[in-house]
Amino acid sequence: VVAAASSASAMETIEARAERRDKARSHVQFGQLLFKSGRLSKAIAHFESAVALNPENARAHYELAEALHQVEEPARAAVHYERVLELKPTCVEAATNLAVAYLGAERAEEAVRMSRHAIELDRLRAEKSAGAAVGSGGGRGGAGTSASTSPPAAAVVNSEAHYNLNAALRACGRAEEAYECTWQAIEGSGGSCCGPLPIPPTPSVQPASSTLSMLEGWLGRKAVPKLTVVCVKWGSKYDANYVNKLHAGVLAHFSGPFDFVCYTDDPSGLGAAVTAQLLDDLPGWDGWWLKAALFGPKGVRAGRVVYLDLDTIVVGSLDALFAFEGSFATLAADEWTCERDNHAGVNSSVMLWDAATCYTALAPVYEGLLDGRVFRHLMRFDHWLEMLLPPRRPVGTPVDATHPLGKWLESVQALFPGQLVEYKSSSCAEGVVPEGVAIICFPRSPKPHEVTDEWAQKAWHEL
């Protein structure tokens, strides 16, 4: 009787566990449907129910972590990604996403460790897959396929893990290590290192009166190089209206002659004074990477060049900025709110260069992307620039301080103090433009068309 009761109890326990597992799976399935329809809070509730019913369900933990990431709760998401890895130690996706969660939770050192772990897991998985393909006679090729046709493990790249490692190292203040790791990965996939570029140093102090310099040129006492203002427009994020307003802003605030060129995949709607330069349709080139076209075969080859992002509003005189005397300069990233983790980086929202001096030197910015390897290891064009350019003078470093290599890359903010600001971190967001500002940048959100303050009405909407 006792044995029979014990057996019945065990059977009931087994059935109860099976029932909980079935209910957990149902909650996961329903949660996935809710997740796909954008009903995140309800999806999270179902995933939490699944985890409570069956704490060993790795899928439930993973889906809950994904949903928590979507509602910007990285610390909670990290807990469940960690649990996935306890249950499934070789899950590359969980390791990759856990690094992102660590970054969001400001646990940068742990993000570095987990990014490297994800890269290693991916390498081991690729090796296993390649071995299996060889063992089965080459996979789809059938028994007669040569083993040499199987792709090497190095050809398979967990791009997101490399992106995460790069970002995590920068968040730790280890930009140089980020460059080194990325170059090693690129070289490991068959590419080659091409930085830093031989760009001549720029004087740390610009002429005190650039307007006078231009007047001297127009009067024949000093030659003023041709000036070309360039921008890049692709896809549907910004329409021709943005290009035309940027041109109008430059025209209203610069007293000298200039050409205005828009590199674009769609020239329709551009104003008559805007020259369209069609972008080449290259595989893997999209978004901010298309800025590299400025340094390719269709780039400006003579005179001074000024690049401005389309989400830029001109509010003051550009004469000093556009009289830049130097080889190359761009923005310091660490003065922008959205770049708080990029302590020594650059932001390419504004770039100034002398085409005659730098056209050849800057060519690798374009040429280095042609084989597509960089895209697999690096997420942002600005990070690519940092890997190629000489080190930027850190904010606050005295202008007479020397760099171990003998030169710094000067930032636009350092060369032209107070003339460029970020919308969000300045009083512009409160409706007041600081005195002396020429350019307001909008690197994230809002965008110019969303700002309705009086100054924006005059400087952008009414143009």
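This is a predicted model: local features need pLDDT of at least 70, side-chain atom pairs count only at pLDDT 80 or more; totals for chains, interfaces and linings use all residues.
**Exercise 1. How are α8 and α15 oriented to each other, and which residues meet between them?**

Step 1: get the geometry. Helix α8 covers residues 175-188 and helix α15 covers residues 381-388; their axes come within 10 Å and cross at roughly 95°.

Step 2: list the partners. From α8 you've got Y179, T182, W183 and I186, and they meet W384, E386, M387 and L388 of α15. Sorted by class, this contact holds six nonpolar residues, one polar and one charged.

**Exercise 2. Is α15 mostly covered or mostly open, and what do its buried residues pack against?**

Step 1: count. Eight of the eight residues in α15 are buried, so the helix is mostly covered.

Step 2: name them. The buried set is F381, D382, H383, W384, L385, E386, M387 and L388.

Step 3: look around. These residues pack against α7 (159-171), α8, β7 (346-354), α13 (364-367) and α14 (373-377).

**Exercise 3. Work out how α4 runs relative to α5, and what sort of residues make the contact.**

Step 1: the axes of α4 (residues 74-87) and α5 (residues 92-104) come within 8 Å, with a crossing angle of roughly 155°.

Step 2: that angle makes α4 roughly antiparallel to α5. As for handedness, α4 passes α5 in a left-handed crossing.

Step 3: on the α4 side, P74, A77, A78, Y81, E82, V84 and L85 take part, meeting A94, A95, N97, L98, A101, Y102 and G104 in α5.

**Exercise 4. Find the largest nonpolar core and check the surroundings of F322.**

Step 1: the largest nonpolar core has 47 residues, and V250, F260, L318, L321, F322 and W455 are those with the most contacts inside it. Helix α10 (residues 240-253) gives the largest share of this core, five residues.

Step 2: zoom in on F322. Skip its neighbours within four places in sequence, and F322 is in contact with L227, V229, V250, F254, R304 and V306.

**Exercise 5. Buried, partly exposed or exposed: how do A118 and K42 come out?**

Step 1: A118 sits in helix α6 (residues 108-135). Its relative accessibility is 0%, and the cut-off for buried is under 20%, so A118 is buried.

Step 2: see what surrounds A118. Neighbours within four places aside, its contacts are V92, A95, T96, N158 and A161. A118 and E160 are 42 residues apart in sequence, yet 9.4 Å apart in space, C-alpha to C-alpha.

Step 3: now K42, which has its place in helix α2 (residues 40-53). With a relative accessible area of 46%, K42 is partly exposed.

**Exercise 6. What percentage of the protein's residues is buried, and how many helices and strands are there?**

Step 1: the protein has 17 helices and nine strands.

Step 2: of its 463 residues, 47% are buried.

Definitions and conventions:
Residues are numbered from 1 along each chain as its sequence is written. Side-chain values use heavy atoms; hydrogens and water are left out. A nonpolar core is a set of buried Ala, Val, Leu, Ile, Met, Phe, Trp, Tyr and Cys residues joined through side-chain atoms within 4.5 Å. Buried means under 20% relative accessible area, exposed over 50%, partly exposed in between (1.4 Å probe, protein chains only). Helices (H or I, at least four residues) and strands (E, at least two) are DSSP runs, numbered from the N terminus. Contact means heavy atoms within 4.5 Å. Axes are lines fitted to C-alpha atoms, for helices over the stretch in contact, and angles run from 0 to 180 degrees between N-to-C directions. Angles under 35 degrees count as roughly parallel, over 145 as roughly antiparallel, 65 to 115 as roughly perpendicular and the rest as oblique. A crossing is left-handed if the near helix is turned anticlockwise from the far one by less than a right angle, and right-handed if clockwise. Ala, Val, Leu, Ile, Met, Phe, Trp, Tyr, Cys and Pro count as nonpolar, Asp, Glu, Lys and Arg as charged, and the others, Gly among them, as polar.
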